[in-house]
Structures are given as C-alpha cells and as structure tokens.
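This report walks through selected helices, ring pairs and nonpolar cores. Please keep the sequence and the structure in view while reading.

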Amino acid sequence: MSSAGNIPCCWGSAPTRRPGWCGLAPPLRSCEIGEDSGVKVKYYLDNGNNKMAIQQADKLLKKHKDLHCAKVLKAIGLQRTGKQDEAYTLAQEVAALEPTDDNSLQALTILYREMHRPELVTKLYEAAVKKVPNSEEYHSHLFMAYARVGEYKKMQQAGMALYKIVPKNPYYFWSVMSLIMQSISAQDENLSKTMFLPLAERMVEKMVKEDKIEAEAEVELYYMILERLEKYREALDVVRGKLGEKLTSELQSRENKCMAMYKKLRRWPECNALSRRLLLKNSDDWQFYITYFDSVFQLIDESWTPPLEEEHSLEGEVHYSIEQAVKFIEDRITEESKSSRPLRGPYLAKLELIRRLRHRGCNDEHKLGDPEELMFQYFRKFGDKPCCFTDLKVFVDLLPASQYTKFISQLLEVIPLSATAESEIALPDDIKALQQHLCVVQLSRLLGIYHAMDKKQKLTVVQELMLRYRHGLEFGKSCLKTELQFSDYYCLLAVHLLLDLWLEEGEETAVWQCLTLLEEGLSHSPSNAQFKLLLIRIYCRLGAFEPVAELYSSLDAKHIQHDTIGYLLTRYAESLGHYAAASQSCNFALRFFHSNQKDTSEYIIQAYKYGAFEKIPEFIAFRNRLNSSLHFAQVRTERMLLDLLLEANISTSLEESIKSMSLSPEEDDIPWKDLRDNRDLTVLFNWDPKDRDISEEHRKLSLEEETLWLRIRSLTLRLVSGLPTLSHTIQPKNSEKTAENGVSSKIDTIRSLLQQLEATVDSGKKFLEQKIQYPVLGPPPTRMAGFFSNGSCQCQTSLFYLVSDIYELDTNGLEDSAEVQERIGNSFKSLLERLTDLFNKCKGDLIEVRDGTLKTHPNLLENLVFFVETISITLWVSSYCDSVLRPFKSNLQKKKKKKKESSLAMPPVFTHFLDYVTDLQTLTSNVIDYIKGLEIILTALKLEDLSLKDTLLLQEEKFTKTVQGKVQSSYHHSVQEIGELLKKRLDTIKKLKI
C-alpha cells in the first residue's frame, strides 16, 4: 500500500491532495468489476443527483451483490436523501466485513463525516491497521481519525506505531504533540507538569542528543514544551543556540521568542537592549517602543546600574535613565527626518513617553516639549492620513480641557479650505484637505465640543456636515461600488449628533432624519458597513425589523462574525413579531456553531500535517470558546422556544416537538460557569468622550443581564419540556407506585425548576432596580424589563404553579379535594385577569402621527409578542389540565349510568375549567379582532403625505419616503404574523373540551 500522496515526508511541504471526489481517492478505482457503472454512480453523487446514484448502485449490486464500493456509494446517496437509518445499516454491513481496499475506506469515511459520526472512522481504520499492519497510509489515517475525536492517548500510540514502521521525524513529533495535548486536557495540573510534559521533553531531548532535529516545527515544539514547563532559561538557550537558527519562517521569530523569555525571567537589561537594537533597525515598530519604555522604567525602579568591566547585557548596550530614553527618542525623530518615507512611530513614541512620565508624576516631561504643540506638529505631518485621528485619540487626555477649543482652532487654521460662490462654508479642494478637516471634526466630537452645544447649534453643525458630505462625493465619483466614499464620516458624525438630539432631548424628528441621512449615505456607499450597522440599531429601536434582515444579509457576515455581531439580529427578530425571520436568523447562527466542531477538527489535522504545532492549542481554545459562547446558548434556547411556539399543538403535539428536540427537564447543557461573552460591542464607530463611551463596567453589567435573562428563558423551556412527562394514568396513584414509575421525581423536578425560576426572577428584579443606562451604541438591553413590567412573568409563573396543583389533584383523586379544587378555580380566575391586563398593555397606536411628527411605540409590539408566548404556555398547561380532568369526568359519568342517579353532583373543578376555557376563547378572539383593527389602521396610514417639519437638512424626499415606508411595512408584517399565530392558537383552544 503506497501512501505517498497523503502524508508529508517533511514539515512545510505543500499540501498534496490526491485526485478524485471530495479531495480523496477516486472511490471506484479498485472496483475492477463494473467500472463504467461505478463511474456513473460517482458522477451522479458529485453532481448532487442522489436518486440516480442510488439507482445506478442498485443495478451494480444486482450483478455483483458483494461489491463494497457500490454499497457504500448507495449509502451516501441514501444519507443525502434523508434516509439516515437505511444508510447507517448499509454502511455497517460493509464496516462489519472490515474492508481494506482504499476506496471503500475513503467512501465510508466520507459517509461517517456526513453523518457527524467521526468515532466510527476510528473503528474502521483500527480494523484496517490490524489486517495491514505495515501500511503507512492506514496508520496515518488512523492517527487523523483519533485527532478528529480528540483521543490524545491513542494519538500518541498511533504516532509511535507509525514512526516504528516508517522512521520519519514528523511521525515521531506527532506523538510528542499528542503528549502535550494530554497535558492541556488533563484535569489535574500536577499530572500535566509531572508526567505528560516531562515525558514529551525527554522524547525531544533524545532527538536533540542524536542530532536528529531537522525542521523548524520540531524546534518550535521543543520551545513550547519548555515554556509550558516554565523552564524559561532552557527555552532561551534553545532559541539563542544552534537550534534557534532554524527559526526562520516568521520575521523576527527568534527575537520575539527571546523577548518573551526575557520578560518571563524579568531580565530587563536584555529586554531593553534587544528592543533598542530592533528599534535601530526599524524605528516604526510600535511593539518594541512599548517594551523599551516598560524595561526603562523597570530598571529605574530597581535602581539598576551597568557592571563596570563587563558588557551591559547579553544583547548589548542598556538604557536605564529617563535622560537616555529622551535622547533615544529624539535621535529616532532626527533619523526619521532623513527618511524617504515618513514614519509615525518616533513621533507617537514621544507622546507615549510624556504620558508615562505624567502618570508616574515625573517632572521630566518638559524635556520632550509641550504635548499640544507636539500633537499639532503631528497633525501637520500626518493629518491627511485616515489613521491620524486614531493615533491622536490615545493622547488627547494630555491636553487640559481649557485648551480644547484653542487646539481645534489651531488645527483648522492650517487646513487649506476655500470658500465658493454657492456656499458660505469654506470647502476643501482635494482629498488631502478633506481628510485633514475630517480628522479635526472627529477630534471635536471626541473632546466633547459638540456635546456642549445647544439644540440650535447642533442642528447648524449637522447642516454643515451634510453640506461637506455632499461636496465630498465629488472626489469619489470614480469609486467602485465596493469602495467607500471619502466623505462618509461626515454623514456618520451628523447622524451621531442627531441621535444626541433624539435620545437626550426627546426630539422625535431627529431619529427620522438619522434614518434618512443613513439611507442617503448607503445609496452612495453601498458597501459601507457602518451605515448598515447604524441603520440596524436605529430600525430595531423603532421596532421595525423588516429592513434589518436585508441589511444584515448585505453585511455578508463571515464565520466568527455570526458570534460577534449576530446579537444585533437575534435580539430583535422574535421580540418584534417577525417569527419567520427569527427562525432563519437562528438557523444562520446555529449552522456556524454546529460546523465549528467539524471545521476545527480539520484545522487541527492540517496543523499536524504541516507542523504548525503552536496553532493546535489555539484551535482547541477557539473551539471551546465557541462552545461556551453566550450567544450560542441564547440562540439555541430561543430557537427551541420559537419552534415550540410555532409548532407545538399546532402541526405536531407538544410531546412530539419536545421529543424531536431531545429536550429533558432534568438536563441543563448550558456551561454557566464558563459562559463567554464574545459579542463585539465596539463594532459601531464611536467618537464619544471617555465618560460617554462604553466602559468595562457596562460590559460586566450587560453580561450579567444577558445571563439572568438566559436563565429565565432556559428554565421556562425546561418547565415546558416537563409537561408531557407528567402523563396521566387513569388509576389514582399512591406513593409506592409513584416511586416505582418515577413520575413523582418528574413533579419534583418541575417544582425544583419553579423554585429556581422564582429565585432568578428575584435576581432579575434586583438587577433592574439599578436602572442602568447603556450608551446609545453600547449593548442593547434584554427583554427582561418588559417581561416583568407587562405581567408576562407573573402569568407564566402562576401557570407552572397551576401544574403542581393539577398534579396533586391527579395523584389524590377527586375525593376530599375541595381545597385543591378551590385553589385551581382561583388560579383560573386570576390567570384570566392577568392575561386581560397583559392584553390591555398591548393596546395603543403602534405608529402615531402628532403635530406632523411620527412616533413609534415598539413596546406595544413587544407586549403583543409576550402575550402570544404566554397564551401558548397557557394552552400547553390547559392541555395538561384537560388530560387530567377528562378521565375523571368519564369515570363519574359511568358511575352515574350504573347508579342511574341524575342528581349526582359534579365537582366544581369541571365548571371552573369549562368557564375558564370559554373566557380564554373569548379573550383570544378579542385580541385577534384588535389585531385585525391594527392591520386596517396601518394599511390606511398615508405616511407619504406627511412632511417632516424640519426641512433644515435639505433632505432628498425619496429617502424620507423610503424610511417611512419601511417602518410602516415592517409593523404591518409584524402584526400579520402575530395575528396568524394567534388564530392557530384559537383553534387549539376550541379543542379543549372535557
């Protein structure tokens, strides 16, 4: 068996793929019989025609019934047409025969991967290796199969077995790396440090002594082991020694590793000398300025002085005083002035040194000059670069607040602007001047100059910014659709000012102007992600989700972004009544999270193949971080609740829905202790001063709020999933029987979950008492506040208490149950009152036109969504009540017939239930009628006739109409979807007859 094309013989060789389907060998190469038919099956599978592939495989199997390849190919066709059980049975038939032909093995591997059963591949190759013990290819496939399932111990053994057959270094080091992975995954850190890592170290040292180290990957691995063992001196010796000469693939790889070890060993003289030497080579490398300053101040704090006769350090001359640091930076600036290419590093390093000196309370900062003047000079040199603002942003706190206005005026004076006949405002003549002016405008916002203005001044600035924006479009006439316009930031800054007016001064017109300007900006810059993200946030705040789905889709979020920015979509879709879009957005996110497991395994395998060992722990950590993602847990929980909301007791029974999701009230698969907040809360550009910007405290509070809300949702889901487990048995149960059949434990689970829900709700209420206000562009708040204030929480909690009472009645029977029956009757009454109150909180105008101004009320929409959800839970609980009461009534009627007593009194619980169901039906009908009325109002609303009062911004009318139309259409869509779902729920209520 040749294995040439599969495993690299040395590290770093180019990936070599064998030809054929799915990047693997042609599946029918060794099927000597029926070659043509085999090729046809392969052709149909490759082109997605699975039914024809199955037919061709069947023809082939009629002639040759024991042809392994054909069976597996048929199984792949069956798997792809949704017949998983048949595919599995057929595959296991072949696997049981322990095939050793390459094509059957490769085809089965593909099939098992599509089934998401990688553990079956290991068994396949374990059998193959036993039959063909000297096959390099099968041993390597077995190693990779173990890698896919994370069997590190077996990987170590497989690597060594492979090395014994074919003594190549890569195989030996696969085994070493597998030891490191055992140390990383070990629960006991002591075991990791005392067994796995020392063994890995000894294995590498053996190769070093025998002079068998051949490649950079092997040196990297040795360094990694020593670093994990905290043997920093030994690691440093490796890097500085002969083996370190092999570290060549990355620029300054050797120097960076030396620097890392010097820091670990706190050898500040070497840190300083090395960073100084590297800055002499490249004075624009910012990371080494940071190390240089860190080491200088460490040496000053330690009162370090150089030895009299020896060299300063292993790396050469050391700077250990502020005077030396000042001179060194001044020299870099002098050198830079002679450079053909302007370098930003030396100038920023000067400001960084001033910042550090000021922070330490030193009086030496005057030696470097006045920060204001230095920043002014920096602006003159680099002001036309888009990075100038972000460079200076870090250092604006060096300026005294009293100098802000003077500093901005000083900057404006040096920008070449010229007034035109059409405009009173001086405008730039070229892109460089535009960039300079844009930098000053951004700094003005950052320094809080715009925040201090009154409403009239802000509107004047908005008008000026939009004039500059439209003028700047002239410079971008030749830009492609995928390129941003040079003046886009003017438009964004104008929108930020209008957002201030809307949220701080309650100016309703301002928010519509925001949307209008952003839609206008997007028409000129269709690829501007900032316009889209801001539109998403504002539309969602107004309660209009319909345009958001399209905007998010056009962002073309890739891979990890489904986790980092997916919250912008999933937070609002369901809560604003767009159930279909919510389902779709959850699917997008879940597809990414579910593929993460498979994709990461492939990355790990590639890292083994090409010796990128340092990446393997990173890939594992990445996978774990995604598995513990807060967003993943939220989406998974909300998706299951949404599926139950849309399907349970409509298209399928609640029990079937829960079974299909493999839900169990006892199981909680959310890693609460390890939850990771991977949201990117700074994805929207922001020019606010520090005191208005998102802080670390905001992040912590937002995570706490999100976690509390997730707990409430998760507990609700688990409580609902427990309802079918309380299945009714006709005979009254006694305590012995309940212990036998386990149902008593089920109600105990429900009661325990209910206690947890109550405790979490209390925590949530305490959290909301803090009345936290997040920044405008910070994290969006959860739905928790609405859930408590509109009464949904009280309704849902009382429903689960009702379940407990009904269960008690079911267990003890109707005799001597007057107290329980009365409790149940009171629960029905109070529940209807609460549902009516919740309905009353849904009433009002969704879109209101007042004094020529448009105002939306998204909270009414959210309340309607909560009402539908609460009604659904009410119906699931009512169905349980129905299943308990129906047999009781049936038994009573039988007794009546036997005794022929027409006057036998019916227990009051039946009347209570029937009255409750009738009132529930009436209430739901009233809500449906109300929603129909909302639809009529929304359809009749003529927003296009509405002209917004403030024409100050000279907006193009078409964008205003576009925005209003989108909001109106979205609300109409929401109301329609909510109405449709409620109608289905009404049909369910009508079936509740005991």
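A residue counts as buried when its relative accessible area is under 20%. The model discussed here is predicted.

**Helix H5**

By that cut-off, 11 of the 13 residues of H5 are buried, so the helix is mostly covered. The buried set is Asp102, Asn103, Ser104, Leu105, Gln106, Ala107, Leu108, Thr109, Ile110, Leu111 and Tyr112. What do the buried residues of H5 pack against? Their partners are helix H3 (68-80), helix H4 (84-96), helix H6 (118-131) and helix H7 (136-149). The length of H5 (residues 102-114) fits its residue count: at 1.5 Å a residue it should span 18 Å, and its end C-alpha atoms are 19 Å apart. Histidine 116 follows H5 and has a positive phi, near 60 degrees.

**Helix H16**

H16 has 17 residues and should span 24 Å at 1.5 Å a residue; the distance between its end C-alpha atoms is 25 Å, which agrees. Its buried residues are Ile322, Ala325, Val326, Phe328, Ile329, Arg332, Ile333 and Glu336. Viewed down the axis of H16, these fall within an arc of 160 degrees, so they line one face of the helix. The face turned away from the buried side carries the exposed residues Lys327, Ser337 and Lys338. The cover over the buried residues of H16 includes helix H14 (268-281), H15, helix H17 (345-360) and helix H18 (371-382).

**Aromatic rings and charges**

How many aromatic pairs does a search of the whole structure find? The count is 29. Two of these pairs are set out below.

| Ring pair | Centre distance | Plane angle | Class |
|---|---|---|---|
| Tyrosine 292 and phenylalanine 328 | 4.7 Å | 35 degrees | tilted |
| Phenylalanine 913 and tyrosine 916 | 6.1 Å | 45 degrees | tilted |

Tyrosine 292 lies in helix H15 (residues 286-301) and phenylalanine 328 in helix H16 (residues 322-338), so this pair ties together parts that are 36 residues apart in sequence. Both tyrosine 292 and phenylalanine 328 are buried. Phenylalanine 913 and tyrosine 916 both lie in helix H40 (residues 908-940). They are three residues apart, about one turn of the helix. Phenylalanine 913 and tyrosine 916 are buried too.

Ring pairs also build a cluster from Phe143, Tyr171, Trp174, Tyr608 and Phe613.

The charged end of arginine 571 is over the ring of tyrosine 572, 4.5 Å from its centre. The charged end of arginine 783 is over the ring of phenylalanine 866, 4.4 Å from its centre.

**Nonpolar cores**

In soluble globular proteins, nonpolar side chains tend to be buried together. Here the largest nonpolar core has 297 residues. Which residues have the most contacts inside it? They are Ile538, Tyr608, Phe613 and Phe867. Helix H39 (residues 858-899) gives the most to this core, with 18 residues. Leaving aside neighbours within four places in sequence, isoleucine 538 is in contact with Val495, Leu499, Val511, Cys514, Leu515 and Leu518. A second, separate core has eight residues, among them Cys586, Ala589, Phe592 and Val635.

**Glutamine 964**

Is glutamine 964 buried or exposed? At 2% relative accessibility, glutamine 964 counts as buried. Glutamine 964 is found in helix H41 (residues 957-990). Threonine 516 is 448 residues from glutamine 964 in sequence, yet their C-alpha atoms are 9.1 Å apart in space.

How values were computed. Residues numbered from 1 in each chain as written. Predicted model: local features only at pLDDT ≥ 70, side-chain atom pairs only at ≥ 80, totals over all residues. Heavy atoms only, no water. Helix = DSSP H or I, 4+ residues; strand = E, 2+ residues; numbered from the N terminus. Expected span 1.5 Å × (residues − 1). Buried < 20%, exposed > 50% of the residue type's maximum accessible area, 1.4 Å probe, protein only. Contact = heavy atoms within 4.5 Å. Phe/Tyr/Trp six-rings, centres within 6.5 Å; stacked < 30°, edge-to-face > 60°. Lys NZ or Arg CZ within 6 Å of the ring centre and 35° of its normal. Arc of directions from axis to C-beta. Core = buried A, V, L, I, M, F, W, Y, C linked by side-chain atoms within 4.5 Å.
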